[in-house]
Amino acid sequence: MKKPPVLKGRSDPVFDLLARAPHKQHLGDYLALLKPLDDRGRYLPFEDLRYRWASGLDARLCWALVKRARAAQYINLLPLGEPPQWGKYLLTPSARKTLSAVDLQTTSASLECMTGQIGERSHFSYLLNDLIEDEVIASSQLEGAATTTRVAKDMLKYQRQPRTPDERMVMGNYRMMNFAWENRYQPLSVDLIAAMHRVGVEGIDDAQYSPGFFRTNDAVVVQDGEGNTVHTPPPAVGLVMRLQRLVRWINQPLGSPQVRDYLHPLIKAITLHFSLGYEHPFRDGNGRVARALFYWFMFKHEFSAFRYIAISPLLRNAPVKYGRSYLHSEADELDLTYFIEFQCSVIQRAVSRFTDVYRKSLVYTEDFERWLMASGFFERLTPRQRALYQVAKSGVAKEFTASNVREHLGCSCSTAMSALNGLVELRVFEKRKMGSEWVFFLRSPASVLKHGSEFSRSRAASA
């Protein structure tokens with residue numbers, strides 16, 4: 001048996017320090033820190049860890065030990081910035097949990113299975129469209145759009161022309177998400193990045209955004225809510241060259257021999273999100289493009305359910321954590337683990353929300369079918385009417401018009417109006433004139449139940 005060589009001497013100054021006083025007296029405490037995660041499995045930055053170390057320990061030495069443990073597990077991603085610095089990450093247990101959920105629940109095959117199990121596919125599609133709108137609106141609100149969610153949803157549902165810059169921002173995001181879906185099989189290019197920006201911001205304030213054009217100077221910084229500069233992007237000189245480097249990395253096949261370590265598509269998509277935000281290639285609208293490119297990459301790799309998974313509402317509700325995940329990565333030698341960890345935690349919750357919609361829809365569909373069969377209403381409702389009743393009963397949408405039903409259910413305006421009026425005749429819906437449009441809504445549950453009972457009794461008597 002070949003024996004391992006005997007190592008003599010020390011070459012690491014960190015471990016040299018541990019062998020000397022006063023650190024030697026706390027050797028066990030120090031060595032316990034030689035791991036990438038804290039005792040609760042969290043990947044914390046220095047500013048959080050320094051308050052958790054035992055008193056009497058040298059903070060710099062503690063941090064050096066943590067960094068040694070992390071460096072041993074780093075996976076290099078791609079060079080960023082100027083001069084180039086390697087962005088890297090460490091795959092944590094919590095990120096693995098998110099990757100598992102994404103693989104199980106968001107692939108194109110999973111989505112097809114879900115919609116196949118819902119007898120009333122129109123009902124599920126209505127709910128999914130609601131999630132698309134959530135993403136578009138919240139992404140705009142993250143960038144400062146002041147419109148309310150309800151007003152923005154009405155604009156999208158009714159396909160009303162935007163009236164204000166904030167509404168134009170929402171409509172631009174809607175177009176950009178559709179652009180990402182329609183171009184999902186295109187390879188990434190500098191031109192595609194520019195085109196995505198142009199589709200998303202054109203017509204809002206062209207002088208402010210310069211749609212489709214990259215910045216040509218360094219007068220762009222990222223500020224916090226108090227006006228402090230928190231990120232200065234790399235220089236405009238060499239910007240296109242750096243974007244081309246990013247493009248080449250993104251376009252590498254996931255199993256390419258040039259890539260030593262396999263990267264899950266979600267990790268690569270989050271890295272694309274970070275890289276666009278870090279480079280800040282446009283005068284404005286960078287965050288929206290970065291998030292749209294995240295979705296584009298997931299679509300490209302057959303995670304079609306991400307078309308209905310709204311991440312931005314969760315980012316909007318935690319803007320400080322979102323911003324700090326960028327800053328922690330930049331401050332710690334481009335360790336993207338902080339950003340990836342935060343994004344994975346958000347995606348985990350967004351996927352859960354998506355699957356909850358599916359499960360509730362499935363349960364409700366089954367219950368509703370049983371009620372329809374027992375009450376005798378089944379024969380009198382068309383598939384579209386059943387879908388509308390389910391959506392109304394679930395509370396996802398409270399008001400219906402011929403135009404928004406046409407948009408969601410993919411039928412003509414006259415077919416939509418016929419379905420709605422049929423529900424009024426059955427005394428399931430009521431309608432009211434609002435302006436120039438008829439608005440339909442569900443009658444009170446007691447009224448529906450009363451009418452359903454009367455209808456059942458009349459059928460029994462005639463039998």
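Student: How many disulfides does a search of the whole structure find?
Tutor: A disulfide is a pair of cysteine sulfur atoms within 2.5 Å, and a search of the whole structure finds zero of them. Please keep in mind that this is a predicted model, in which local features need pLDDT of at least 70 and side-chain atom pairs count only at pLDDT 80 or more, while totals for chains, interfaces and linings use all residues. Residues are numbered from 1 along each chain as its sequence is written, and side-chain values use heavy atoms, with hydrogens and water left out.

Student: Is Cys62 buried or exposed?
Tutor: Buried means under 20% relative accessible area, exposed means over 50%, and partly exposed lies in between, with a 1.4 Å probe and protein chains only. Cys62 counts as buried because its relative accessibility is 0%, and Cys344, with a relative accessible area of 1%, is buried as well.

Student: How do strands β1 and β2 pair?
Tutor: Strands are DSSP runs of E with at least two residues, helices are runs of H or I with at least four, and both are numbered from the N terminus; two strands pair if DSSP finds at least two bridges between them. Here β1 (residues 75-80) and β2 (residues 85-89) are antiparallel, with five bridges, and Asn76 stands opposite Lys88 in β2. The two strands form a hairpin with four residues between them, and Gly81 in the turn has a positive phi of about 80°.

Student: What is the distance in space between Asp261 and Asn76?
Tutor: From C-alpha to C-alpha they are 8.4 Å apart, although 185 residues separate them in sequence. Asp261 lies in the loop between α12 (239-251) and α13 (265-279), and it counts as partly exposed because its relative accessibility is 25%.

Student: How is a pair of aromatic rings described?
Tutor: One gives the distance of the centres and the angle of the planes. Rings of Phe, Tyr and Trp (its six-membered ring) pair if their centres lie within 6.5 Å, and planes under 30 degrees apart count as stacked, over 60 as edge-to-face and the rest as tilted. By this rule there are 17 aromatic pairs. One of them joins Phe46 and Trp53, whose centres are 6.0 Å apart and whose planes meet at 55°, so the pair is tilted. Phe294 and Tyr295 form an edge-to-face pair, with 5.5 Å from centre to centre and 85° between the planes, and both residues are buried.
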